[in-house]
Amino acid sequence: MSMTLPHSENSKPYRSYVSSKSSDYWKAFEDVTSIMQAMVHGKDFQPSMIELLEKTGRFLGAGRAYLFSYDTHTNTVSCISEWTASEVPPQKSRLQNVEITPYTWGLEQMEKLESAGEIFLFSTSEFSRLAKKDAESMKRLLAPDTKSLIVAKVGSKTTLGYIAFSFIERTKEELQREEIELLAHVKNLAECALTFNATKDQVYKRGRRLETIVNNANLLVCCFDKDGKFTYVNDAYCEYFGIKKDEILGINAFNIIRNEKARQQVIANFLSLTPSNPTITHEYRMRLKDGSLRWHKWIDTALFDEQGNVLEYQSIGVDITEEVIARQNLAKALEKLHRTYKRTIEAMGKILEIKDPYTASHQKKVALISESIAKEMGLGKEETEQIYLGALVHDIGKIYIPSELLSKPGKLSELEFQLIKDHTTKGEEILRPISEDLPIWEVALYHHERMNGSGYPHGLKGKDIPLSARIVAVADVVDAMSSHRPYRAAFSIEHAIEELKQNAGTKYDPEVVKIFIKLFEEGRLPL
């Protein structure tokens, strides 16, 4: 019934997060923190809490989210804020002044788990393992459609209340690390919110505003005035940068950035903030006192008065060095994989060249012509490269055809021609497993389709034929006609162009033909 909480009191306040959901986690982290900032600066408690529960509940995939306050005098809890997903019936009205004595077993377990840095998770499938009276009390408490429940105590020293999320579709085993990390942060925010709401007048009078939340948050936080002088830094900021509060308050915030280019960029970011666009997110690298270079991600916010004048700047940051390194390593790995994939396609083309000497230069020429056409048509770099690779192996299916048939000097019989035609589907069989989401296999399968449906293997018409295959079809017929074959002498390039002109729109894509002729007349084709 537990999962380890990521943020204990001993955890570092500047941890980096790297996982498949890190970007979603960071967005949710930003959202819930912004909600608390808004409440600190005047937004009412109740809408702030409902928004906080909604953001967290949606990220977790919960059906309901609750914030309970605890009354020490009556030993009861009451739901003070509730969010429910669409079409999920609310429960707030029946969750008032709930005596918690029947749930002592759960509260005691929750205390033990939290002291060990874990969180309380409960699944309705566990009813059978509980004592009868405990199972009955849980059934009365939970909505009938509840499948699992996650609960965390709010309040580090004394119990202020509880925050809970119930799930209609998810089991507790499906909860991920990032979701538990977010819950740990939201738990801290809820504690700050309850405390702040109870002492709001005192907080505003003493000018504490963000202090309650930011010193409990797993973030680097600083504030400075319109002249750039520090007015506030949290403990995490001081620990991370190795400075003392009394040494930094009052000095220029931008001087901590040693790199001139980075400093000017950060200043420009702040100056770009306006009342209609008061927040910006950016990443940059800076050198710390120990000489190490670290990457950071910051959310910078400007607070304005009613006249649009800057009152204060606030920055919330996190060290993302490990995440950046992971992204860089992934990019290198993908680039290496891409090079290997490209070399594999090129090697496959050479295999066919060994079997059929007449194909030796044909596929390469068709690939170069197709590439030129694709570029002239304005296709993107990635799509152009895929068309090039597809053309490079468009006849790979001929590897299944007997060599004597490929080099036969006389006219082919109907059965022999059918075997030749099968090279398109054979090519698909070879290439689809290694290029399922790419147009390479489509080129092999469809380059003999024709605009009027007279082609093979499927008799596709017009735009039903993939563009990659329509481009390669033009390049293929030109090079095939202008190259020597065992059964005929080569035609002139002019003869091939005449074939294209006469059949543009019936056999060949007229736009592709137009581009080819333009490139030929301008001498920009590798012929």
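**Aromatic pairs and helix packing: a chat**

Author: Welcome! This model is predicted, and the structure holds 15 aromatic pairs.

Reader: Nice, can we start with one of those? How are the rings of Phe224 and Phe254 arranged?

Author: Phe224 and Phe254 form an edge-to-face pair, with 75° between the planes and 5.5 Å from centre to centre. The pair links distant parts of the chain, 30 residues apart. Phe224 belongs to strand 8 (residues 220-224), while Phe254 is in the loop between helix 9 (245-248) and helix 10 (260-271).

Reader: Are those two buried or exposed?

Author: Both Phe224 and Phe254 are buried.

Reader: Why does Phe254 count that way?

Author: Its relative accessibility is 12%, and buried means under 20%, so Phe254 counts as buried.

Reader: And what does Phe254 touch, if we skip its close neighbours in sequence?

Author: Leaving aside neighbours within four places in sequence, Phe254 is in contact with Phe224, Gly228, Arg263, Val266, Ile267 and Phe270. Take Ile267 from that list: Phe254 and Ile267 are 13 residues apart in sequence, and their C-alpha atoms are 7.4 Å apart in space.

Reader: Which residues make up the ring cluster?

Author: Ring pairs link Phe224, Phe230, Tyr237, Tyr240, Phe241, Phe254, Phe270, Trp298 and Tyr313 into a cluster.

Reader: I see Tyr237 and Trp298 in there. How many residues apart in sequence are the parts that this pair ties together?

Author: Tyr237 lies in helix 8 (residues 235-241) and Trp298 in strand 11 (residues 293-304), so their pairing ties together parts that are 61 residues apart in sequence. The pair is edge-to-face, 6.3 Å centre to centre with 65° between the planes. Tyr237 and Trp298 are both buried.

Reader: New topic: charges. Where does the charged end of Lys139 sit?

Author: The charged end of Lys139 sits over the ring of Phe127, 5.3 Å from the ring centre. Another example is Lys426, whose charged end sits over the ring of Tyr400, 5.1 Å from that ring's centre.

Reader: Let's zoom out. How many helices and strands does the protein have?

Author: The secondary structure comes to 20 helices and twelve strands. Of the 527 residues in the protein, 49% are buried. Among contacts between residues at least 6 apart in sequence, 59% join residues at least 24 apart.

Reader: Then let's look at helix packing. At what angle do helix 19 and helix 20 pack?

Author: Helix 19 (residues 493-503) and helix 20 (residues 510-521) pack at about 155°, and their axes are 10 Å apart. That angle makes helix 19 roughly antiparallel to helix 20. The crossing of helix 19 past helix 20 is left-handed.

Reader: Which residues meet there?

Author: From helix 19, Ile493, Glu494, Ile497, Leu500 and Lys501 meet Val513, Phe516, Ile517 and Phe520 of helix 20.

Reader: What about helix 18 and helix 20, how do their axes cross?

Author: The axes of helix 18 (residues 467-481) and helix 20 cross at roughly 50° and come within 9 Å. Helix 18 is therefore oblique to helix 20. Helix 18 passes helix 20 in a right-handed crossing.

Reader: And which residues meet in that case?

Author: Here Arg470, Ile471, Val474 and Val478 in helix 18 meet Val512, Val513 and Phe516 in helix 20.

Key:
Residues numbered from 1 in each chain as written. Predicted model: local features only at pLDDT ≥ 70, side-chain atom pairs only at ≥ 80, totals over all residues. Heavy atoms only, no water. Phe/Tyr/Trp six-rings, centres within 6.5 Å; stacked < 30°, edge-to-face > 60°. Helix = DSSP H or I, 4+ residues; strand = E, 2+ residues; numbered from the N terminus. Buried < 20%, exposed > 50% of the residue type's maximum accessible area, 1.4 Å probe, protein only. Lys NZ or Arg CZ within 6 Å of the ring centre and 35° of its normal. Axes fitted to C-alpha atoms, helices over the stretch in contact; angles between N-to-C directions. Parallel < 35°, antiparallel > 145°, perpendicular 65-115°, else oblique. Left-handed = near helix turned anticlockwise from the far one by under 90°. Contact = heavy atoms within 4.5 Å.
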